[in-house]
Amino acid sequence: MASRGHAATPTLGKAMLNKYARAFFTRVLTPFAAFLIRRGVSPDTVTLLGTAGVIAGALVFYPRGEFFWGTIVITLFVFSDLVDGNMARQMGRSSRWGAFLDSTLDRVADGAIFGGFALWYAGKGDDLALCAVSIFCLASGQVVSYTKARGESIGLPVAVNGLVERAERLVISLVAAGLSGLHAFGVPGIDVLLPIALWIVAVGSLVTLIQRVVTVRRESAEAEAEAAAAPAPETPDTARNSEATP
Ligand SMILES: CCCCCCCC/C=C\CCCCCCCC(=O)OC[C@H](COP(=O)(O)O[C@@H]1[C@H](O)[C@H](OP(=O)(O)O)[C@@H](O)[C@H](O)[C@H]1O)OC(=O)CCCCCCC/C=C\CCCCCCCC
Ligand SMILES: Nc1ccn([C@@H]2O[C@H](COP(=O)(O)O)[C@@H](O)[C@H]2O)c(=O)n1
Ligand SMILES: [Mg+2]
Ligand SMILES: [Mg+2]
């Protein structure tokens, strides 16, 4: 199957969280995943419910500026993205459909999170620049993921993850949003963290996008050169001719 961060393809510039945190969370979440399997829950159900919870947390709380509670709800549900795959692997039922559903709903969840920030800044948060930065984070995150999916669909390895993968985008934004939310409980000055995080995610996503586009361009040129150097494949016509020619 097409490569992902943890696939067989040698991957350059593997992002920190996918490299170090995934193994840790796999160990921690495996017993919970096994428990759900014993209760007859399917990986697809976990994928769907997890996404619904993230959407609810992001779109109910963030547009009202309730960053603490929004982040608590999202955090409770976002780890379902690590549990669903874990369950599928334990059951020996990892599937193309599951990979498609997981990745597609990742995009939906990310849209809700950064859309929630944008709605806050477009409304009561009253900051057009930060609304624009939130929309940039949303769009660039989706395009970063698309570069890999499209590159892989045309047969390239896309052997780079880049500086800021999805896990980084989420951890930076959610930690900052959760802490910024403490402002509502009287912690002074802490609300500056969310704007800082959004700028970091925006710049990091742009760098990641460039890293991936450059990689796809190089891999594509290499693949074209390889194809040009290889002997032309036999068509029925050339096969007939070569049989006729002694
Ligand atoms: C008083 C304190 C208030 C604070 C409130 C609580 C704060 C809690 C804050 C944050 C928690 C954040 C948790 C975020 C967890 C993210 C988990 C996750 O979903 O990871 C997904 C990621 C990728 O999964 P996939 O392989 O399924 O997805 C692929 C990916 O989307 C690709 O996208 P691309 O990267 O290319 O853009 C797609 O291409 C592909 O299609 C798709 O399939 O999983 C991982 O990467 C694994 C690593 C997970 C690492 C989780 C780290 C969590 C670390 C810390 C959390 C705790 C922090 C607590 C801080 C408290 C601060 C006070
Ligand atoms: N409903 C699902 C969800 C995931 N999978 C498989 O797991 C892989 C993703 O693993 P994560 O640890 O990142 O969740 C995905 O590519 C599928 O192979 C599944 O089968 N069904
Ligand atoms: Mg998953
Ligand atoms: Mg996922």
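Leaving aside neighbours within four places in sequence, with which residues is D81 in contact? D81 is in contact with G50 and D106, where contact means that the C-beta atoms of two residues, placed from the backbone, lie within 7 Å. The model is predicted: local features need pLDDT of at least 70, side-chain atom pairs count only at pLDDT 80 or more, and totals for chains, interfaces and linings use all residues. Residues are numbered from 1 along each chain as its sequence is written, while chains are lettered from A and ligands numbered from 1 in the order in which they are written.

**Annotated binding-site residues**

- An unreviewed UniProt entry lists D81, D84 and D102 under "binding site"; UniProt positions follow the numbering used here, feature names are shortened, and annotations may be inferred rather than shown by experiment.
- These three residues span 22 residues in sequence, yet no two of their C-alpha atoms are more than 8.2 Å apart, so they gather at one spot.
- The annotation "binding site" in the unreviewed UniProt entry also covers D81, D102 and D106.
- This set is spread over 26 residues of sequence but clusters in space, with a largest C-alpha distance of 8.0 Å.

- D81 is found in helix α4, and D84 lies in helix α4; helices (H or I, at least four residues) and strands (E, at least two) are DSSP runs, numbered from the N terminus.
- D102 lies in helix α5, and D106 lies in helix α5.
- D81 is buried, because 21 other C-beta atoms lie within 10 Å; a residue is buried if 20 or more other C-beta atoms lie within 10 Å of its own, exposed if 12 or fewer, and partly exposed in between, with C-beta atoms placed from the backbone.
- D84 has 27 other C-beta atoms within 10 Å and is therefore buried.
- D102 counts as buried because it has 22 C-beta neighbours inside 10 Å.
- D106 is buried as well, with 21 other C-beta atoms within 10 Å.
- Not counting residues up to four places away in sequence, D84 touches P43, V46, T47, G50 and D102.
- Leaving aside neighbours within four places in sequence, D102 is in contact with T47, D84 and G85.
- With residues up to four places away in sequence not counted, D106 touches D81 and R166.

**Ligand 1**

- Of the 30 residues around ligand 1, S103, E165, R166, A167 and G178 come nearest; a residue is near a molecule or strand if its C-beta atom, placed from the backbone, lies within 6 Å of it.
- The elements that give two or more residues to the shell around ligand 1 are α1 (16-38), α3, α4, α5, α6 and α7.
- Helix α7 provides the largest share of the shell around ligand 1, eight residues.
- The shell around ligand 1 divides into 15 nonpolar, seven polar and eight charged residues; Ala, Val, Leu, Ile, Met, Phe, Trp, Tyr, Cys and Pro count as nonpolar, Asp, Glu, Lys and Arg as charged, and the others, Gly among them, as polar.

**Ligand 2**

- Ligand 2 has 15 residues around it, of which G85, A88, S94, G98 and A99 come nearest.
- At least two residues of the shell around ligand 2 are supplied by each of α2, α4 (80-90) and α5.
- Helix α4 gives the largest share of the shell around ligand 2, six residues.
- The shell around ligand 2 consists of five nonpolar, six polar and four charged residues.

**Nonpolar cores**

- The largest nonpolar core has 35 residues, of which V54 and L198 touch the most other members; a nonpolar core is a set of buried Ala, Val, Leu, Ile, Met, Phe, Trp, Tyr and Cys residues joined through C-beta atoms within 7 Å.
- Two or more residues of this core come from each of α2 (43-61), α3 (67-78), α5 (96-122), α6 (128-153), α7 (166-180) and α8 (193-229).
- Helix α5 gives the most to this core, with nine residues.
- Apart from this core lies another, of six residues, among them A33, V46, V83 and A88.
- V54 touches I74, F77, V78, A109, A112 and I113, not counting residues up to four places away in sequence.

**Annotated transmembrane regions**

- For "transmembrane region", the unreviewed UniProt entry lists residues 44-61, 67-83, 167-186 and 192-210.
- Residues 67-83 are 94% helix and 0% strand, and the end C-alpha atoms of this span lie 25 Å apart.
- Residues 167-186 are 70% helix and 0% strand, with end C-alpha atoms 29 Å apart.
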